[in-house]
Amino acid sequence: LNMTLPKSSGLCPLCKRTYVAMSHHLKRSHRVTNLQEREILLKQASGRVNIRNMPCPVSGCTYNKGRCDKHLSRGHPELTDTLRTTYITVAKESRTKQLLMELRATNPVPPMASALDLGSEDEEGADVGTPHAAPSFSVGERGSQK
């Protein structure tokens, strides 16, 4: 059997470890048998989470339409590249949790195995997904990141 592995690895959203065969890892290690749940988690692991129409995660900003990622680049020139990347990551994690919550509300069969959307404090990174979890600066305030 000659299987081709993916070219890049991803960070598991559940255990925060790097894996090449993420789908296999989610099925075997975390028993994620629900296809929709696994698809959401795979998108988070690959960074391919759609954050369109997500509210801007910058404290004090009311932007809530269109391309949040583009808005962070054009609408917040005060942000450093590192901080902008952090805000985009926070928005993607928030969107992932939102999608998982929506799926959980449908009582899916097979049942969900992950608990990212439940906000339990004992999960690694549980506080990262809140919309304003990134370092907060008011709109117009400059961060002195070095």
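C56 is buried, with a relative accessible area of 4% (buried means under 20% relative accessible area, exposed over 50% and partly exposed in between, with a 1.4 Å probe and protein chains only). The model is a predicted one, in which local features need pLDDT of at least 70 and side-chain atom pairs count only at pLDDT 80 or more, while totals for chains, interfaces and linings use all residues. Residues are numbered from 1 along each chain as its sequence is written, and side-chain values use heavy atoms, with hydrogens and water left out.

The protein contains four helices and two strands, where helices (H or I, at least four residues) and strands (E, at least two) are DSSP runs numbered from the N terminus. Read from the N terminus, the order of these elements is β-β-α-α-α-α. Of the 146 residues in the protein, 36% are buried. Contact is taken as heavy atoms within 4.5 Å. Among contacts between residues at least 6 apart in sequence, 51% join residues at least 24 apart.

C56 is placed in the loop between helix 2 and helix 3 (68-74). The C-alpha atoms of C56 and Y87 are 8.4 Å apart in space, although the two residues are 31 apart in sequence. C56 is also one of the residues touched by H71, together with C61, Y63 and H76, when residues up to four places away in sequence are not counted. H71 itself belongs to helix 3 and, with a relative accessibility of 13%, counts as buried.

Two helix pairs were examined for packing. Axes are lines fitted to C-alpha atoms, for helices over the stretch in contact, and angles run from 0 to 180 degrees between N-to-C directions. Angles under 35 degrees count as roughly parallel, over 145 as roughly antiparallel, 65 to 115 as roughly perpendicular and the rest as oblique.

The axes of helix 2 and helix 4 are 10 Å apart, and the packing angle is about 180 degrees; the two helices are therefore roughly antiparallel to each other. Helix 2 contributes Q36, E37, I40, L41 and Q44 to this contact, and helix 4 contributes K92, E93, T96, L99, L100 and L103. Sorted by class, the residues of this contact are five nonpolar, three polar and three charged. For this sorting, Ala, Val, Leu, Ile, Met, Phe, Trp, Tyr, Cys and Pro count as nonpolar, Asp, Glu, Lys and Arg as charged, and the others, Gly among them, as polar. L99, in helix 4, is partly exposed at a relative accessible area of 25%. L99 and E37 lie 62 residues apart in sequence, with a C-alpha to C-alpha distance of 8.7 Å.

Helix 1 (residues 22-29) and helix 2 have axes that come within 10 Å and cross at roughly 130 degrees, and the pair is therefore oblique. The crossing of helix 1 past helix 2 is right-handed (a crossing is left-handed if the near helix is turned anticlockwise from the far one by less than a right angle, and right-handed if clockwise). On the helix 1 side M22, S23, L26 and K27 take part, and they meet R38, L41, L42 and A45 in helix 2. This contact comprises five nonpolar, one polar and two charged residues.

Side chains of opposite charge can pair when their charged atoms come close. Four salt bridges are present in the structure, each defined as a side-chain nitrogen of Lys or Arg within 4 Å of a carboxyl oxygen of Asp or Glu. One of them joins K43 and E39, whose closest N and O atoms are 3.5 Å apart. These two residues are four apart in helix 2 (residues 35-46) and so are separated by about one helical turn. K43 is partly exposed, at 40% relative accessible area, and E39 is partly exposed as well, at 47%.

A further salt bridge links R84 and D81, at 2.9 Å from N to O. R84 and D81 are three residues apart in helix 4 (residues 81-104), which means a separation of about one helical turn. In this pair R84 counts as buried at 12% relative accessibility, whereas D81 counts as exposed at 59%. The side chains of D69 and R67 also form a salt bridge, with an N to O distance of 2.9 Å. D69 is partly exposed, with a relative accessible area of 24%, and R67 is likewise partly exposed, at 29%.
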